Amino acid sequence: MRKELLRGEQVIVITRQQPRMLFGPVLAFILVPAAAAFACAWIVKGGPGKVLPVITSDWTQWLVAACLAIVAIVLLGYSLPRFIRWRGIRYILTSGRIVARFGMLRRRDWQVPLAAVRSVGIKQSLLQRILRSGNISLDTGHPAEAVLADVPEVGKFRSFILDAMAELPTNVRFGPGAVPAAGDFDSFAGPVDYPDAALPWDMREGGRDER
């Protein structure tokens, strides 16, 4: 069954984690096939036989197959799962709440009403400061804080949250409903024109940040 936004609710920002977690997988995706291609060419030219005379030409197809198997293991067992994991994480800010969604095949999520948020904090490591990302913690008065990990342009994202909190209606509540699934947000209007084209977020039409 299709899930919908709450009555009167608008999507402001949709973003994913800062893609620094893809550095290793992308590097492996580039270097491992290149190294395997070089190794296969060396094997076909008889390189192993020059190093170890016991290795004859009969070994060639098996050595080439071993190189291809290593490439498949690295790409399918290391690079692809990490890309899928990053792709499956979404942080969604609406005019009424913050939603974090995780996973593509097996999904889970949590959501925090903006009206329940007391404060919005930022924590950054040295690398995160260099990349202008960070972790946003939402204080709701409960013992465990809700944390959005590795949010890109973390300072601006927090300002969006604070602005949305400031514009919450004092005497109006959203009607019954549910937060849309990750794919359902894509059915809304596309990104609007925004001055900073480099922002790593999808700005949705009808949101407060339409400028």
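Colleague: Which residues does Asp150 touch, not counting residues up to four places away in sequence?

Modeller: With contact meaning heavy atoms within 4.5 Å, Asp150 touches Arg16, Gln17, Gln18, Arg20, Gln128, Ser133, Gly134 and Asn135. Please note that this is a predicted model, in which local features need pLDDT of at least 70 and side-chain atom pairs count only at pLDDT 80 or more, while totals for chains, interfaces and linings use all residues. Residues are numbered from 1 along each chain as its sequence is written, and side-chain values use heavy atoms, with hydrogens and water left out.

Colleague: Where is Asp150 found? And is Asp150 buried or exposed?

Modeller: Asp150 is found in strand β7, which covers residues 146-152. Helices (H or I, at least four residues) and strands (E, at least two) are DSSP runs, numbered from the N terminus. Asp150 has a relative accessible area of 8% and is therefore buried. The classes are buried under 20% relative accessible area, exposed over 50% and partly exposed in between, with a 1.4 Å probe and protein chains only.

Colleague: What about the phi of Asp150?

Modeller: Phi is positive there, about 55°, although Asp150 is not a glycine.

Colleague: Which side chain meets that of Asp150 in a salt bridge?

Modeller: That of Arg20, with an N to O distance of 3.0 Å. Arg20 lies in the loop between β1 (11-15) and α1, and Asp150 in strand β7, so the pair ties together parts that are 130 residues apart in sequence. The criterion is a side-chain nitrogen of Lys or Arg within 4 Å of a carboxyl oxygen of Asp or Glu. Arg20 itself is partly exposed, at a relative accessible area of 33%.

Colleague: How many salt bridges does that rule give?

Modeller: The count comes to 3. One of them is between Arg101 and Asp109, whose closest N and O atoms are 2.6 Å apart. Arg101 counts as buried because its relative accessibility is 7%, whereas Asp109 is partly exposed at 38%.

Colleague: Which residue does Arg132 pair with?

Modeller: The side chain of Arg132 meets that of Glu153 in a salt bridge, at 3.2 Å from N to O. This pair links distant parts of the chain, 21 residues apart: Arg132 is in the loop between α4 (126-131) and β6 (133-139), and Glu153 is in the loop between β7 and α5 (154-166).

Colleague: Why does Glu153 count as buried?

Modeller: Because its relative accessibility is 15%. Arg132, by contrast, is partly exposed, with a relative accessible area of 47%. Glu153 also has a positive phi, near 45°, in a residue other than glycine.

Colleague: A change of topic: what pattern does the protein follow along the sequence?

Modeller: The pattern is β-α-α-α-β-β-β-β-α-β-β-α-α-β, with 6 helices and 8 strands in the protein. Of the 211 residues, 37% are buried. Among contacts between residues at least 6 apart in sequence, 60% join residues at least 24 apart.

Colleague: How many residues does helix α1 have, and what is its reach?

Modeller: Helix α1 (residues 23-44) has 22 residues and reaches 32 Å from its first C-alpha to its last, close to the 32 Å expected at 1.5 Å a residue. The expected span is 1.5 Å times one less than the number of residues.

Colleague: Which of its residues are buried, and what do they pack against?

Modeller: The buried residues of α1 are Pro25, Ala28, Ala36, Cys40 and Ile43. These residues pack against α2 (47-51) and α3 (60-87). Just after α1, Gly46 has a positive phi of about 85°.

Colleague: Ile30 also lies in α1. Is Ile30 buried or exposed?

Modeller: Ile30 counts as exposed, because its relative accessibility is 52%.

Colleague: Which nonpolar surface patch includes Ile30?

Modeller: A patch of about 630 Å², made by Phe23, Val26, Leu27, Phe29, Ile30 and Leu31. Patches take residues with over 30% relative accessible area and no salt bridge, joining like charges within 9 Å and nonpolar side chains (Val, Leu, Ile, Met, Phe, Trp, Tyr) within 5 Å.

Key
Areas by Shrake-Rupley, 256 points an atom, 1.4 Å probe, with all protein chains shown as cover.
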